[in-house]
Structure formats: structure tokens, C-alpha cells
Amino acid sequence: MSDNTFQASPIAIASALPRKSRQARVVWRNNVVTVGGNAPVRVQSMTNTDTVEAVETAIQVRQLAQAGSEMVRITVNTPEAAAAVPYIREQLDRMGEYVPLVGDFHYNGHRLLTDYPDCAQALSKYRINPGNVGKGDKKDKQFGQMIEIAAKYDKAVRIGVNWGSLDQEIMAQLMDQNSLRAQPWETRQVMYEALITSAVSSAKLAESIGLNPDNIILSCKVSGVQDLISVYRALAQRCDYALHLGLTEAGMATKGTVASTAALSVLLQEGIGDTIRVSLTPLPGEARTQEVVVASEILQSLGLRVFVPSVTACPGCGRTTSTTFQELAKQIDDYLRGQMPVWRVQYPGVEAMKVAVMGCIVNGPGESKHADIGISLPGNGEAPAAPVFIDGEKAMTLRGEGIATEFQALVESYVQRRYGSGA
Ligand code: SF4
């Protein structure tokens, strides 16, 4: 028998822990994207077009921005790419798309930013990898050149360390020190230390050159889930800079999505991470925007942000043998996402709407009542009728071939009524 006695205190409601960080400002025109501090965790992404192809790149930047990317990074790897950056910016401005552009620099960033001042000004933030700025005595000089330009134009900088291009001089020094320990650390632990040392010491150097510490964002990316968690926990304790979080080279499709979600969720729940990128390898023919969809879904699932109306759908089972239910769930999800660029402006608050598409009577009516608008499709052996629930009440029953179209129209009129200007 169960014991129904109430406990003395309620079960705590889970939520992400807070972390205090500095706040960076990534700015283009009147679009100010704050990162860190009390700002919401930001979504960002990166193009995979050739930056030299300015129009193609501007189109992809716009697609990523419309999917919800609040900053978009482009590679700036050659003089031709640097020359194209102002044209990309111009194209976006003409389209009314003021998403800030982030320039990704490796090896020759000091030369490109010096030789192409229009590029340096058109970008809102620079990503600098301390492992790729030069060797020996050139390293600090070339790093310093980029930081001076960032300070001059008041740009934010991400100091982005990656274990694939870790500063080998730092790693060698730490390995030497480690060999002198009575009980040497594992090589993996020395690598964690080298990643953090490279990021934090580069940030301190940037500050000493004159970069506003608020405008510094750090990242230490690795491709293993437990490695990322280990590194970011330590990094978050050792500095108060805003942190860019992402699992590097996450992989393709399900593997990349699951690995990124696993790693980022643990850290975000601990309050670690001020902006995220999901580094998915697109499947052939897959839209680049998928990485933005996954990043947004991670934040929305954790209750940290709300981007698009959510569709609650059951997994289906032996009670749903036709594909009608799956097709309707997909159709509604696609429809809601497709409407968001317009709805975001036209119907403020619509992103918090909940829609349920359920497969049968077992959980269908109950789940639909919890949603703002929901439909419970008939399962096997049930009468061919689909009750629709609006604001918790049964509003009508749909029948026949046109259920999908009729339900979509009901969703649309619900949005207009509830979130429109007259609401
Ligand atoms: S709601 Fe019905 S169709 Fe959906 S999983 Fe549950 S029992 Fe199966």
C-alpha cells in the first residue's frame, strides 16, 4: 500500500544554476547582442560557404539568422575572403539583416586585419585561436596586433582554444613540469590544464594590451563529452569572462546531436556557458540551419530560452498503425518553424505557445488539454474522429480526409486571436 502522507517540504523544482560572468557586447548598428552577465544564453553558428562568394555567403548568413542564430561566424582565411567581408555585410544590411558577423582567423589574422581595415570594421567580433597565431617570438607579437585592432574598433574577441590546435609550447612546458611530480597526472589532465592555461593567459595578455575585459569571451573546445565537462567546470571557476560553449567536431546527424546535447546540457544546468554553438557535420543535402535548430532546442528543452512554439507529440505505438499521426506532427512542426520569422514580429509571445499532436485516446485528450491547442487523433479501433482542445476545453471534433489542413487553420486562427494586435 502506498503512503499518501505529505512530506514536510516540496520537491525542489530543477533549474539551471546561475554563474556570474562579465558581459560582452557584440554589436552591429542598433542590434546589440549581449553575451554573459544577465543575458540569455545565445545561439550562434557558422557558415560553410566560401567567404569569397559574398552573395552566397550573405544568403546563408541570413538563413542561419532567420533560423535563430544571434551571431554568425564566417571564415576569413585569405586576402580575397577579407576583401569580401564588407560586401557580405553590405548585402545583409540591404536585406535589413543586422545579425553580427564574427570573423574566424587562423595563422594570418594579424595580416588580414591590418591590411583590410574595412573587413576589421565590418566584423562585430573576432575569433582568435592562440594555438594558431604564430610560433616562438612571433606568437605574442601577432596576437597583440589583432588585439590592438579589436581594441581600436571596440570589437568583442573570442579567444578560442581547440585541442586539435593546442599551443604545443604550453603543452610541452606542462608535460615537463608534470614529469617532475611525485605522482604525475594523466596526460589527459595535463591537456585540460594546457587548454585552460592557453585561454586564460591569452586573455590576460589581451587585457594588458588594452582590450576591455568585458569584451573577451573564452572557449576551450574538445570533442569528448566528459572532457568538455571537465574542462569547462575548471574554466568557469578560474575566470569570470563570458564563455562560448560547444563540443568541437561533434559529428553527423544523431551522433553529433546527441553528443552535443549530452555535453551542453550538463554544463548549462550548472550555469556554465553564455553562448553555444552546435558543430554538426551536415548530411549531404541537409540544411546548414540544422545546427541552429539543435542549439535552440537544447536551450528550450532546458527551459533557458523560448524560440518556437513547442509541439508535444507522443511516440506512437501499436495503437497507431497509419502514418497520419506522424505526418500531422511533422506538418505542424514544419509549419510553426516556417512561420516564426514573421510571427516573431507580428505575434509577440507566440514562441511560448504549446501545441499537442497525439496518437490516440490513452494520453491524447489529457496531453491536449495541457497544451494551448491540441488534437487527439483516433487510434486503432477508435471512431474516426479527432477531438480538438483549445485552452484546456474540447472545442470541436474533426473528421475525414482534411483533418491536417483543418487543424493547421485552427492553429493559425488561434495564433491571430491570442497573440495578434487586438488580443
Ligand atoms: S498516446 Fe496512444 S498512440 Fe500515443 S503512444 Fe500513447 S498509447 Fe500510443
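Trainee: At what angle do α9 and α10 pack?
Mentor: This is a predicted model. In it, helix α9 (residues 253-269) packs with helix α10 (residues 290-301) at an angle of about 35°, and their axes are 10 Å apart.
Trainee: Why give both an angle and a distance?
Mentor: Two packed helices are described by the angle between their axes together with the distance between those axes.
Trainee: Left-handed or right-handed crossing of α9 and α10?
Mentor: The crossing of α10 by α9 is right-handed.
Trainee: Which residues make the contact?
Mentor: On α9 they are T257, S260, T261, L264, S265 and L268. On α10 they are V294, I298 and L299. By class, this contact of α9 with α10 has five nonpolar and four polar residues, and no charged ones.
Trainee: How far apart are the end C-alpha atoms of α9?
Mentor: They are 24 Å apart.
Trainee: Which residues of α9 are buried?
Mentor: G256, A259, S260, A263, L264, S265, L267 and L268. The buried residues of α9 pack against several elements, including α8 (225-238), β9 (242-245) and α10.
Trainee: What follows α9?
Mentor: G271 follows α9, and its phi is positive, near 80°.
Trainee: New topic. Which residues are around the ligand?
Mentor: C314, G316, C317, R319, T320, M358, G359, C360, V362 and N363.
Trainee: How many of that shell are charged?
Mentor: One is charged, while five are nonpolar and four are polar.

Conventions
Residues are numbered from 1 along each chain as its sequence is written. This is a predicted model: local features need pLDDT of at least 70, side-chain atom pairs count only at pLDDT 80 or more; totals for chains, interfaces and linings use all residues. Side-chain values use heavy atoms; hydrogens and water are left out. Axes are lines fitted to C-alpha atoms, for helices over the stretch in contact, and angles run from 0 to 180 degrees between N-to-C directions. Helices (H or I, at least four residues) and strands (E, at least two) are DSSP runs, numbered from the N terminus. A crossing is left-handed if the near helix is turned anticlockwise from the far one by less than a right angle, and right-handed if clockwise. Contact means heavy atoms within 4.5 Å. Ala, Val, Leu, Ile, Met, Phe, Trp, Tyr, Cys and Pro count as nonpolar, Asp, Glu, Lys and Arg as charged, and the others, Gly among them, as polar. The expected span of a helix is 1.5 Å times one less than its number of residues. Buried means under 20% relative accessible area, exposed over 50%, partly exposed in between (1.4 Å probe, protein chains only). A residue is near a molecule or strand if one of its heavy atoms lies within 4 Å of it.
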